[in-house]
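Okay, thanks everyone for coming. Let me put the model up on the screen, and then I'll walk you through it.

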Amino acid sequence: MQKSSLSENITYNETKPSISVLFETESTKEIRIVFKKDQLMKEHKTSFPITVEIFEGAIDFGVKGTTYNLVKGDLVSLEASVPHDLVAKTASIVRLTLS
(Lines give C-alpha, C1' and ligand atoms only; values in the text may rest on other atoms or scores of the structure.)
Protein backbone atom coordinates (compact mmCIF):
# COMPACT_ATOMS: atom_id res chain seq x y z
CA MET A 1 0.00 0.00 0.00
CA GLN A 2 1.13 3.54 -0.75
CA LYS A 3 -0.38 6.66 0.82
CA SER A 4 -0.08 10.28 -0.13
CA SER A 5 -2.08 13.50 0.18
CA LEU A 6 -3.24 16.08 -2.35
CA SER A 7 -3.66 18.71 0.36
CA GLU A 8 -0.52 18.34 2.52
CA ASN A 9 2.92 19.90 1.97
CA ILE A 10 1.76 22.20 -0.83
CA THR A 11 4.46 24.38 -2.34
CA TYR A 12 3.68 27.06 -4.93
CA ASN A 13 6.30 27.96 -7.51
CA GLU A 14 6.43 31.67 -8.37
CA THR A 15 7.09 31.29 -12.10
CA LYS A 16 5.50 28.00 -13.18
CA PRO A 17 3.23 25.22 -11.90
CA SER A 18 4.74 23.04 -9.17
CA ILE A 19 4.73 19.33 -10.07
CA SER A 20 5.13 16.51 -7.51
CA VAL A 21 4.94 12.75 -8.00
CA LEU A 22 2.70 11.47 -5.21
CA PHE A 23 3.41 7.81 -5.91
CA GLU A 24 3.87 5.27 -8.66
CA THR A 25 2.60 1.70 -9.00
CA GLU A 26 2.93 -0.93 -11.73
CA SER A 27 -0.15 0.45 -13.50
CA THR A 28 -0.43 4.18 -12.60
CA LYS A 29 1.50 7.28 -11.68
CA GLU A 30 -0.23 9.88 -9.47
CA ILE A 31 0.96 13.46 -9.84
CA ARG A 32 -0.08 16.69 -8.11
CA ILE A 33 0.19 19.96 -10.04
CA VAL A 34 -0.15 23.15 -8.00
CA PHE A 35 -0.94 26.38 -9.85
CA LYS A 36 -0.98 29.99 -8.74
CA LYS A 37 -3.66 32.09 -10.44
CA ASP A 38 -2.87 32.70 -14.15
CA GLN A 39 -0.03 30.17 -14.34
CA LEU A 40 0.15 28.26 -17.62
CA MET A 41 1.21 24.76 -18.51
CA LYS A 42 2.03 25.07 -22.21
CA GLU A 43 0.62 22.66 -24.78
CA HIS A 44 2.10 19.20 -24.38
CA LYS A 45 1.13 15.53 -24.74
CA THR A 46 1.89 12.32 -22.90
CA SER A 47 2.77 8.83 -24.04
CA PHE A 48 0.05 7.40 -21.78
CA PRO A 49 -3.71 7.85 -21.33
CA ILE A 50 -4.42 10.38 -18.56
CA THR A 51 -7.16 11.36 -16.14
CA VAL A 52 -7.20 14.91 -14.77
CA GLU A 53 -9.11 15.85 -11.60
CA ILE A 54 -9.59 19.42 -10.46
CA PHE A 55 -9.11 18.92 -6.72
CA GLU A 56 -9.24 22.63 -5.90
CA GLY A 57 -9.77 25.78 -7.94
CA ALA A 58 -10.62 26.35 -11.61
CA ILE A 59 -8.69 25.55 -14.76
CA ASP A 60 -9.11 26.35 -18.45
CA PHE A 61 -8.22 23.06 -20.14
CA GLY A 62 -7.42 23.36 -23.84
CA VAL A 63 -7.73 20.41 -26.21
CA LYS A 64 -7.46 20.67 -30.02
CA GLY A 65 -8.39 24.36 -30.08
CA THR A 66 -11.32 24.07 -27.66
CA THR A 67 -11.13 25.41 -24.10
CA TYR A 68 -13.06 23.64 -21.36
CA ASN A 69 -13.72 25.48 -18.10
CA LEU A 70 -13.12 22.92 -15.34
CA VAL A 71 -13.87 23.51 -11.67
CA LYS A 72 -13.39 21.69 -8.38
CA GLY A 73 -14.67 18.13 -8.68
CA ASP A 74 -14.48 17.91 -12.48
CA LEU A 75 -12.73 14.96 -14.15
CA VAL A 76 -11.56 14.59 -17.74
CA SER A 77 -9.71 11.83 -19.54
CA LEU A 78 -7.55 11.89 -22.65
CA GLU A 79 -5.99 9.15 -24.74
CA ALA A 80 -2.23 9.13 -25.21
CA SER A 81 -0.65 11.71 -27.55
CA VAL A 82 -3.51 14.25 -27.41
CA PRO A 83 -2.06 17.80 -27.17
CA HIS A 84 -3.50 19.84 -24.28
CA ASP A 85 -2.71 22.89 -22.15
CA LEU A 86 -3.84 24.27 -18.79
CA VAL A 87 -4.31 27.79 -17.44
CA ALA A 88 -5.24 28.39 -13.79
CA LYS A 89 -8.16 30.79 -13.38
CA THR A 90 -7.67 30.68 -9.59
CA ALA A 91 -5.07 29.07 -7.31
CA SER A 92 -5.61 25.38 -8.11
CA ILE A 93 -4.58 21.84 -7.28
CA VAL A 94 -4.80 19.29 -10.09
CA ARG A 95 -4.45 15.54 -9.76
CA LEU A 96 -3.00 13.84 -12.83
CA THR A 97 -3.18 10.08 -13.25
CA LEU A 98 -1.11 8.41 -15.97
CA SER A 99 -2.11 4.84 -16.72
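Predicted model: local features only at pLDDT ≥ 70, side-chain atom pairs only at ≥ 80, totals over all residues.

So, let's start inside: Ile33, Met41, His44, Ile50, Val52, Phe61, His84, Leu86, Val94 and Leu96 line the largest cavity. By cavity I mean a set of points, on a 1 Å grid over the protein atoms alone, where a 1.4 Å probe fits but cannot get out, and a lining residue has an atom within 4 Å of a point.

Numbering runs from 1 along each chain as its sequence is written, and side-chain values use heavy atoms, with hydrogens and water left out.

Back to the cavity. About 60 Å³ of space lies in there, taking volume as the space filled by probe spheres set on the grid points, which are joined across faces, edges and corners. Searching the whole structure gives one cavity of 30 Å³ or more. What is the lining made of? Eight nonpolar residues, two polar and no charged. At least two lining residues each come from β3 (40-44), β4 (50-56), β8 (84-88) and β9 (92-98); strands here are DSSP runs of E, at least two residues, numbered from the N terminus.

Next, the sheet. There's an open one of four strands, in the order β3-β8-β5-β6, with antiparallel pairing. β3 and β6 (66-71) stand at the edges with a single partner strand each, so one side of each has no neighbour in the sheet. Two strands count as paired if DSSP finds at least two bridges between them. β5 (residues 58-63) and β8 are joined by five bridges, and isoleucine 59 has alanine 88 of β8 as its bridge partner.

Last topic, salt bridges: a side-chain nitrogen of Lys or Arg within 4 Å of a carboxyl oxygen of Asp or Glu. The whole structure has six. One of them joins arginine 95 and glutamate 30, at 2.9 Å, N to O. Arginine 95 is in β9 and glutamate 30 in β2 (residues 29-35), so this pair ties together parts 65 residues apart in sequence. Glutamate 30 is buried at 8% relative accessible area, whereas arginine 95 is partly exposed at 30%; buried is under 20%, exposed over 50%, partly exposed in between, with a 1.4 Å probe and protein chains only.

Happy to take questions.

Methods. 1 Å grid on protein atoms, 1.4 Å probe; cavity = no way out; pocket = protein on both sides within 12 Å on 5 of 7 lines; lining within 4 Å. Nonpolar A, V, L, I, M, F, W, Y, C, P; charged D, E, K, R; others polar.
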